[in-house]
Structure formats: C-alpha cells, structure tokens
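Here is a quick walk through one model, written for someone who likes cut-offs spelled out. Take a look at the fold before reading on.

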Amino acid sequence: MATAKSPRGDAPRSGVPAQTNIPAEAYTGGPLLVGDPAVGIVQPGSPPAGAPAAGTGQPSGGSALALKRRARRINRALAEQYPYAHAELDFRSPFELLVATVLSAQTTDVTVNLITPLLFARYPDARSMAEADPEELEAIIKPTGFFRAKSRNLMALGTRLVDEFDGVVPGRIEDLVTLPGVGRKTANVVLGNAFGIPGITVDTHFGRLARRFGWTDSDDPVRIESDVAELFEPKDWTMLSHRVVFHGRRVCHSRKPACGACAVANWCPSFGTGETDPAKAAKLLKYELAPGNEELLGKLLAETHRAAEIRMESQRRTP
Ligand code: SF4
C-alpha cells in the first residue's frame, strides 16, 4: 500500500494509507484549520497535544480548544479517506430506513439489505406492517436474528405509527424515541439520513473510536453523543457518524486496530493500541481497503469523483 503524505505537508507515518485525491468540492466536513497546533507527528508512546489523561476524557496538557481542533482534523482526514461514506442500509423512505435500522440490531447491514427488498414488497407501509401475519413476517426477517422479538417490535411499531402519527414516521427525536424498538441511535440514523436533520449516531464502533480519539471517556451512548456534539458543528454530525463507523469497521477494530495503516494515526492519542508495523497492519484492513481489493476501492473512488463532478457541473449551470 502506498505511503501517505499528510494533507498539511507533515511527513507521513510509515505505512499510513495514501490520502485520496477527491476534489475539495466533494468534501463536506468541517473547515480546514490553518495553523492547527494539535497537528503534528506523534511518536508511538507520546500522545499529541490535547490528548486526554487516561480515564478523564479531558485534555491533559492541552486545552479544550486543542482537543476540538484535533477532533476536526481527524474528521477532515476521515473525509479524505472515505469520500464515499454513507448510510450502509438501503432505503427509499423514512419508513424503510426506520424498519431497516430496527432490524440491524445484532446483525450486519449487508444481511438486512438482503432481506429488505422482499420485506418492503410485502409490507410497504406502517399499516401493512401493523396487520402482518406474524409467522410470515418472522420467516422473512429470520436471517437477521432475534426474529421473534424483532417481529413483535415491527408490528407494534406499525400499529403505533398508524394510531399516533397517521401512519407517517415523525421527524422529531422526541416522538421517534417513543416508538417500540427505537432508541436514540435509531432515531438519529433516521433523522440524519431520511430527514436531513443533523444527528450523531452512537453505535458500538462510534463509541469505541470516540474513546480512542479522546473525545469522551464514557461508555454511555447519551454522554458520548453530547461530548462529541461539543466538538463539531451540527452540520457535520451526520457525515461524521458515517466516517467514524466506516473507520471502525475497516481499520480501527475492537481487538486489533491497524494503527500502522491508519489515516488518522498522526492525530490519534491511542496510536499503538494495535499493530504499528505497516505491513502487518495492512493485512488487518477490511472491505475495500483490504489487500487485494484495490479494484473495488478504485471503483468506489471513481464513482465518488463522478458524483462530485456532476454536482459541480449542475451548480455551474444553475443561474
Ligand atoms: S487504528 Fe490506532 S491510530 Fe488509528 S484510530 Fe484506531 S487506535 Fe488510533
């Protein structure tokens, strides 16, 4: 794998993957922080300025401002690494995203995407879901696991939407969290991706990485959400969530993070938690970043470039 050059011109950490050359217009993250004192090369075992003291979640030698600057720098690096980050669940409406997110508990998005075409062909709206035959519904969603509990939740969800919200998924978090099987994580997924309302989605990957980045010291999803919200502009919350989860799935694994092949290694106070040898770390990468998947990565980047070009072209043509 190519060696990265820091986007700000810093010398690269050996083995850190090359940044992608996506046009600046495609970048939707936070502002570039010129003169960021928190940015720099960090040697293994010596955390960067603003790194949290163990167990406090607060910057040790640095200021809260340095922590914020470093967090935004990480977000920018993740935006460059994953310009194609998006909600990995397939959906065409708020109802479909809500149902798919409920189904995604304890399983993968890939598994959910395999069964939702049939599920939504059979139950396209809240009313049909409310009136589903339980055995038929269970049979369709069985591959996602915990299918009896999920089936009960989906039918109760449909009933509640019909009874309380005229069959329409509400666009307020206060209402969403009152629905059966819907917590803040699911509510924020729906708000951020189906309604365009900024939300931070704290799943197991996001929580783990937020702690490793020093953005929080908490295990509590609500605390994590509020700690991270302090560091970023609301407009960045939804895409930040996608990028962090992408990074957790591909690079910063729970047991064996691939530190030696990590695009945010320069700013991560937990560098060294995992494998630091570049060659060994590269073998730990997953999905499109995994060795041998260069063609898939190239395809994803080409599609992203093309989408950015189309957006720019349409903006140019708009009077
Ligand atoms: S892989 Fe290592 S350097 Fe990268 S974010 Fe995770 S802990 Fe930090």
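What covers the buried residues of H9? The cover includes helix H10 (221-229) and H11. Before going further, the ground rules: this is a predicted model, where local features need pLDDT of at least 70, side-chain atom pairs count only at pLDDT 80 or more, and totals for chains, interfaces and linings use all residues. Residues are numbered from 1 along each chain as its sequence is written.

**Overall make-up**

The protein chain has 13 helices and zero strands; helices (H or I, at least four residues) and strands (E, at least two) are DSSP runs, numbered from the N terminus. Of its 319 residues, 42% count as buried. Here a residue is buried if 20 or more other C-beta atoms lie within 10 Å of its own, exposed if 12 or fewer, and partly exposed in between, with C-beta atoms placed from the backbone. Take the contacts in the protein chain between residues at least 6 apart in sequence: 61% of them join residues at least 24 apart. A contact means that the two C-beta atoms, placed from the backbone, lie within 7 Å.

**H9 and its neighbours**

Back to H9, whose buried residues are His205, Phe206, Gly207, Leu209, Ala210 and Arg212. The axes of helix H9 (residues 204-212) and helix H11 (residues 237-250) come within 8 Å and cross at roughly 90°. That makes H9 roughly perpendicular to H11, a label used for angles of 65 to 115 degrees. The axes are lines fitted to C-alpha atoms over the stretch in contact, with angles running from 0 to 180 degrees between N-to-C directions. On the H9 side, the contact is made by His205, Phe206, Arg208 and Leu209, while H11 brings Ser241, Val244, Val245, His247, Gly248 and Arg249. Those residues divide into four nonpolar, four polar and two charged. For the classes, Ala, Val, Leu, Ile, Met, Phe, Trp, Tyr, Cys and Pro count as nonpolar, Asp, Glu, Lys and Arg as charged, and the others, Gly among them, as polar. H9 is followed by Gly214, which has a positive phi near 80°.

Helix H1 (residues 64-81) has 18 residues and reaches 26 Å from its first C-alpha to its last, close to the 26 Å expected; the expected span is 1.5 Å times one less than the number of residues. Of the 18 residues of H1, 14 are buried, so the helix is largely enclosed by the rest of the structure.

Ile141 sits in helix H5 (residues 134-141) and is buried, with 24 other C-beta atoms within 10 Å. Leaving out residues up to four places away in sequence, Ile141 touches Leu103, Ile115, Leu119, Phe147, Lys150 and Ser151.

**Around the ligand**

The ligand is surrounded by 14 residues, the closest being Cys252, Pro257, Cys259, Cys262 and Cys268. To be near it, a residue needs its C-beta atom, placed from the backbone, within 6 Å. By class, the shell has ten nonpolar, three polar and one charged residues.

Note on methods:
Angles under 35 degrees count as roughly parallel, over 145 as roughly antiparallel, 65 to 115 as roughly perpendicular and the rest as oblique.
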